[in-house]
Amino acid sequence: MLDKVRGGLFGLAVGDALGATFEFMSREEILSRHGSKREMVGGGWLGLKPGEVTDDTEMTLCVARGIIANPQDPVEEIGRQFIAWYRTDPKDVGSTIRTALSAYTETGDWERARAITWERHGGKVAGNGCLMRTLPISFAYYQWPDLLGKFSREVAFLTHPDPLAAEACHFYNALAAWLLFGEAPWSAFKKARSLIQQEELARRLDSVPSLAVQDLRPTGYVVDTLEAALWCFLNGEDIIAAIESAVNLGDDADTVAAVCGGLAGTYWGWSSLPEKWKSRLLIKEELEQVAAGLLQASRQVA
Ligand SMILES: [Mg+2]
């Protein structure tokens, strides 16, 4: 179990660190100029060091720390972790999250921050920023499907007041929980799919088996990100192929590859991740501590 939980967190961070190099580039440009194999070299529009991660991993750690601090009732603590992170002036913060966290900083009230976020973005708040950070919820609550669903939705809602975005996070964590139980990828996908009510999300998930790589849209819209990341995971022959194919889609590459890497790492485990990637991560000690902490939290829930 520890290998899977560590694998999920490291896979997510590896996807983030590799993908950030190519964020906002097109798939054609990446493949023609850089080939298809990936090394952890940093760079990109954020000018990262090799092994440096971005908001995807940093916010995942916020969610994990919030759960570890209070496994019975983690949402408020997770909100506090988000605000503490935001005050460190991170290199990259997504637009919906920036609005939500600055609105909370002004008002001290998540409910009002939600209303402000919804209004400032004209109701278009189904960004992928809630999905990229949600995985620790699966690791702490995989044995409690009701809590897994409740906290997936509530933590999404802190910054993304959109039922579709919340349901996408619930689906993702349900899928990861089935992978923790040892289910094969397509079977875990079908089991998690059976929970989904929202029409657009259901339709897009049902189309995943018939998509080709050219059909994928690695944008910041939560359904596009989920679909692209899932496709790369479900069609990858191993963890390396899955993560590389997500990175190589370009556009919102760090987030799509983080979302894919979280699933791939949970399924194939930490030991299957190449040493050249995982040993380069600048925050690897913290990922190891948090993996152990989440498993401990999962035993404190009942
Ligand atoms: Mg990022």
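How are the donor residues of the magnesium ion spaced in sequence? The spacing is T-D-D-x197-D. This is a predicted model: local features need pLDDT of at least 70, side-chain atom pairs count only at pLDDT 80 or more, and totals for chains, interfaces and linings use all residues. Residues are numbered from 1 along each chain as its sequence is written, and side-chain values use heavy atoms, with hydrogens and water left out.

**Magnesium site**

- Thr54 (OG1), Asp55 (OD), Asp56 (OD) and Asp254 (OD) coordinate the magnesium ion at 2.0 to 2.4 Å.
- Donors are N, O and S atoms within 2.8 Å of the metal (3.2 Å for Na, K and Ca); water is not among the atoms, so sites may look incomplete.
- Asp55 and Asp56 are both buried. Buried means under 20% relative accessible area, exposed over 50%, and partly exposed in between (1.4 Å probe, protein chains only).

**Aromatic pairs and charges over rings**

- The whole structure has eleven aromatic pairs. Rings of Phe, Tyr and Trp (its six-membered ring) pair if their centres lie within 6.5 Å; planes under 30 degrees apart count as stacked, over 60 as edge-to-face and the rest as tilted.
- Phe10 and Trp270 pair edge-to-face, 6.0 Å centre to centre with 80° between the planes. Phe10 is in helix H1 (residues 2-19) and Trp270 is in the loop between helix H14 (253-268) and helix H15 (275-278), so the pair ties together parts 260 residues apart in sequence. Helices (H or I, at least four residues) are DSSP runs, numbered from the N terminus.
- Phe10 is buried, at 1% relative accessible area.
- Trp178 and Phe181 form a tilted pair, 6.1 Å centre to centre with 55° between the planes. Ring pairs link Tyr142, Trp178 and Phe181 into a cluster.
- Lys278 lies over the face of Trp270, 3.6 Å from the ring centre. Lys191 lies over the face of Trp178, at 4.9 Å. A charge sits over a ring if NZ of Lys or CZ of Arg is within 6 Å of the ring centre and within 35 degrees of the ring normal.

**Salt bridges**

- The structure holds 17 salt bridges. Each is a side-chain nitrogen of Lys or Arg within 4 Å of a carboxyl oxygen of Asp or Glu.
- Arg33 bridges to Glu29, with the closest N and O atoms 3.1 Å apart. They are four residues apart in helix H2 (residues 27-34), so about one helical turn separates them.
- Arg153 and Glu167 meet at 3.3 Å, N to O. This pair links distant parts of the chain, helix H8 (residues 145-159) and helix H9 (residues 163-180).
- Glu167 is buried, at 7% relative accessible area.
- Shared partners join Glu200, Arg204, Arg217, Asp224 and Glu227 into one salt-bridge network.

Terms used: Helix = DSSP H or I, 4+ residues; strand = E, 2+ residues; numbered from the N terminus.
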